[in-house]
Amino acid sequence: MANDYHLEELGPRAFEQLAVALAAATFGPGVEVYGSGKDGGREATIDGRIEWDAGETAWDGYTVIQAKQCENPRSPADNLLWLQGQIHRELNTWMDTTSKRERFPNYVLFISNVRLSASQGGGVDQIRDYAGREIKRNHALGKSDTPHSRGLRKIKVWHRDTLNALISGNQGVRAAFPALLTVGDLLTRLRTLPGIVDPETLTPVLRDHAVSTLRNDRWIRFGEAGGLQARQSVDRVVVDLPVQTGDGSSKRALDISLELGNAILRRSVWPADQPRHLVITGAAGNGKSTIARYLTQVYRARFLEGDTVTPAADVIMNETATSLERLHLSAPSSRRWPLNVSLPAMAKDMGPDGGPSMIRWLSQQVTNRASIEILPATLEKWLQAWPSVLFLDGFDEVTAPSLRQRVVDEIAELVDHADNLDADLFIVVTTRPTGYTERIMPAEFAQIDLDYFTISEAVAYGRHVTTQRLHDDVSMQEQVLERFDRAASAPATERLIKTPLQVLILTFILENLGDLPATRYELFWSYYDTVYKREQEKPTAHRSFLRGHRDDITELHERVGLLLHTHSENTDEPQARLPLTSLRQLAHDRMIEVGHDDIDEADDLADRIIDIATTRLVLLAADQDETVSFEVRSLQELMAARALVNGDDDTIFKNLTATAPSPHWRNTWLFAAGKLFTESDHRRTLVLDIVNGFDHSSNDWPGWLYPVGSELAAHLLDDGMAESKPTALKALVTIALRCLHGPMPKEFAAVAAGLSYAAKHKALHALIRNELRAAFAGSPTTAGVASMLMLESSGITMVPGQPSPSAVKRIAQIWQYTPPKGPTTKIGKLLRKPLSDLHDKPGAALLESVLDECDKLALFKMPDGSLWPAAVPASFDGRRLNTVLDDPDASTLLDLCLGDLDPLHWTARSLLAQAVSSARSRRPVNGELVVKYLH
């Protein structure tokens, strides 16, 4: 008798995969598999002949295979009713003339996990008879309109007993679905893999690793300052964040991640044309690292479920289950073994070359918390034997180009190696948004972009996190909740509570009766100000010192912020830390600057300032390796921003111009602009002049190829800096709309968000609609950019001349780099023809010499003559092309050649512009900054 497998342990997607795998194993290579999503009522199809066992008539036609998993099977009688209902609904859907299912089947095979009675006249016989009646049942269009009249000839059901027999008889399928394996199966399988530690030793080691990390890695650190406890349990503060979909549907990051993780991700059972892994992007403070840490905890708890664990681990597992209920999520059906690593730390240890490989580095991390040494070969064999999930957190913090390339190469190698092993490995990468051209392996990694809170979501999270943070002070909790509800109702507050970090900071400010900030810069600066004042008012020996040396302490934070931010950009040390010796020197130099000429006195004052900064305010955290760092990256960027604009107009102009195009400096740049907007009309005008003139100024950025001003203006709009300044607001809208002339912006979602915010003003809404209308009536470039802005926009509707939804969707697909297979061309090839007519012009030889580098950028040829760009290779650094951009003659020729391309090939110019922008914007700017203590 076959085993009774736990088919309910498989999630819906994994059960579909099992059904298809069994069908493929039974019927052979004629089975065509469909991926997840809207599959047209089919998991797989067979177009041809199916031979059944002796006594059964062969099927010859179009067969549809459908999986029907019942989450909670009951008695055979109940199961029969459930399965009859499923068949009834499916046939109704096929018969519906409005259904989008493309082809009516001749045969249907339903595969289900429910058990039916096999006795004579029981459920097996009854479902066969029921299916026969359904085939001939009349439907709405008339007595002659039946499934049989449409071509359906027969229905067959594989029920639980059938599946048990098929699984028992197919070891290959059974091994691909670990949820079907018993512990004995796993040990047997491990023994067959050469070079692995004895399975009786390895399994408890990895279980103990999960217990240890479950206990130690559950904490989110906010810093002890001003009542934000040093740490909070991630399961208590996590929130399932909305995801930008572009189609108006409502999706959540945790839900998407868990659903994908429930599938079987082995290459052998996964559709080749669908990505299996995931990149989660989010703006500063949007909670992407919190999501990664929480998912790690969820998978650890699931992996340990049913094992004997320590009392502390048992408590955490129960609290994890409670948090899943709060978030309306189900625990993973796949018991993946999880591993969470910091990409900056890994990049630092690996180096640009010569360091350990990724698999060796991962095995060392496991060894550090294990009782035996886990060799790379051991870890590989474990990944091959058991489903696993790897969280790679903080790709955006790996800023050095050489290190980023090394990380991407190692991830690609790990994916390829896992495929060769046919391992069920799920990889999740977190990063800040960097534009579509920098997507990581788009064929293998789907990307989801975390969206901002709606006002109702922000309020709900604010109430939740306040309740958690002040759980032991009910009176204060009630006061803060009342103030928060009142603040959230103010229209200006909406843009200040778009991320979890912003909500948390606002609740802290309100707890301390601070003034309600008006901009994002003021929100974060108010946090620092509130922390400082709260510490200053405490009856301690530091009270008078804090009052007398506020400027010095603040200046120290600003200098450290700028040093750390430049340090992570200019070196191969991605983790921004400052040695305590350097911190002391900074404090000492400050004391000398303000007139403390006595060296001993300056040293004493410097030591006291450092003590207050690291033990009282603790925005700067002292680490065990005698270094300091900001625990909250946004606070580091805030302080760096203030340092950038600490000077005269010329200094500010140079610093903001140098940092404007860099994604590493973008959040810092916006904080700096926010500070200037609050200071005076003159400084606000200075910012507007920089944004307006950047792409046409004499700096070394190729604004003619990739303009940056429109993206900067959109970010300023989204931050609400010009809300009460109509002239500035209109100026920013005008600059942002320049993006319509191309190329396609890397950050078109950010541009759309800024314009959507401005469109709340009636006059500006009319201006935006008119510009979009003109763009739709213009060139393919302007129509394409306008379509993307309309797709991403939430506040601009009903523009005359806008394309149909299907046309907009097609344009969106172009810039998600998911082209269909087909012939390709290269940008270098496209440019050679117009260049041949200019071969005698100055700069032609230089441009000709770099066209092979341009050939790394490919585009797919579409039947209508348009070009569909492929993703920019991770290896593209644009170094040789930069020589053209730095040469006036050669760059002019490049502009002429691009202008000579067929208008239908506008995507080629956009692809080249985005690729150059991504490569060039990551060049360190340290040498261009006018800050004396940096040099």
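**Exercise 1. Determine how strand 10 (residues 337-342) is joined to strand 11, and which residue of strand 11 is the bridge partner of N340.**

Solution. Strands 10 and 11 run parallel and are joined by 6 bridges. Strands here are DSSP runs of E of at least two residues, helices are runs of H or I of at least four residues, and both are numbered from the N terminus. Two strands pair if DSSP finds at least two bridges between them. Within strand 11, F391 is the bridge partner of N340.

The model is predicted: local features need pLDDT of at least 70, side-chain atom pairs count only at pLDDT 80 or more, and totals for chains, interfaces and linings use all residues. Residues are numbered from 1 along each chain as its sequence is written, and side-chain values use heavy atoms, with hydrogens and water left out.

**Exercise 2. Identify the partner of strand 11 in strand 12 (residues 425-431) and the unit to which both strands belong.**

Solution. First, strand 11 pairs with strand 12 in the parallel sense, over 5 bridges. Next, the bridge partner of S388 in strand 12 is L425. Finally, strand 11, helix 16 (residues 401-421) and strand 12 form a right-handed β-α-β unit; right-handed means that, with the strands pointing away from the viewer, the path from the first strand over the helix to the second runs clockwise.

**Exercise 3. Explain why strand 11 (residues 388-393) is described as largely enclosed by the rest of the structure.**

Solution. Buried means under 20% relative accessible area, exposed over 50%, and partly exposed in between (1.4 Å probe, protein chains only). Because 6 of the 6 residues of strand 11 are buried, the strand is largely enclosed. By face, S388, L390 and L392 are buried on one side, and V389, F391 and D393 on the other.

**Exercise 4. State which residues have the most contacts inside the largest nonpolar core.**

Solution. A nonpolar core is a set of buried Ala, Val, Leu, Ile, Met, Phe, Trp, Tyr and Cys residues joined through side-chain atoms within 4.5 Å. The largest has 191 residues, and W669 and L772 have the most contacts inside it. Leaving aside neighbours within four places in sequence, L772 is in contact (heavy atoms within 4.5 Å) with L740, A786, L789, M790, I796 and V799. Apart from this core lies another, of 51 residues, including A301, V366, V407 and I427.

**Exercise 5. Is T627 buried or exposed?**

Solution. T627 lies in strand 16 (residues 627-630). Its relative accessibility is 10%, so T627 counts as buried. Leaving aside neighbours within four places in sequence, the contacts of T627 include R577, L578 and P579.
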